[in-house]
Amino acid sequence: MSTTTYTVTGMSCGHCEASVREEVGGLAGVQGVEVSAKTGVLAVTSDGGVDDAQVLAAVAEAGYSAVRVA
C-alpha cells in the first residue's frame, strides 16, 4: 500500500469533502481516501500507486483544484 498526498483548494465544508471523497474513491486501485476541508489535505491510499492525472481530474470533476505535495 502506498499513500500519495495532495493539497486541495476551494473546499470549505463536509459536503466539499464528500464530493472529493466520492470522485477520488471511484478511481481504479484506490483503497482509501482521507480529505479535510480544514487543512486542504487529500491523502489517497492505493494498492500500487495512483495516476496523478486521474486524481487531479477527479478532484476537478468535484469542482476543486489540487496539486501533489512533493
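I started with Asp 52, which counts as partly exposed because its relative accessibility is 23% (buried is under 20% relative accessible area, exposed over 50%, partly exposed in between, with a 1.4 Å probe and protein chains only). Arg 68 comes out partly exposed too, at 47%.

Before going on, I noted that this is a predicted model, where local features need pLDDT of at least 70, side-chain atom pairs count only at pLDDT 80 or more, and totals for chains, interfaces and linings use all residues. Residues are numbered from 1 along each chain as its sequence is written, and side-chain values use heavy atoms, with hydrogens and water left out.

Next I looked up what joins Arg 68 and Asp 52: their side chains form a salt bridge, 2.8 Å from N to O (a side-chain nitrogen of Lys or Arg within 4 Å of a carboxyl oxygen of Asp or Glu). Arg 68 sits in strand β4 (residues 65–68) and Asp 52 in helix α2, so the pair ties together parts 16 residues apart in sequence. Helices (H or I, at least four residues) and strands (E, at least two) are DSSP runs, numbered from the N terminus. I found one salt bridge in the structure.

Last, the hairpin. β2 and β3 run antiparallel, joined by six bridges (strands pair if DSSP finds at least two bridges between them). Ser 36 has Val 41 in β3 as its bridge partner. Four residues lie between the strands, and Gly 40 has a positive phi near 75°.
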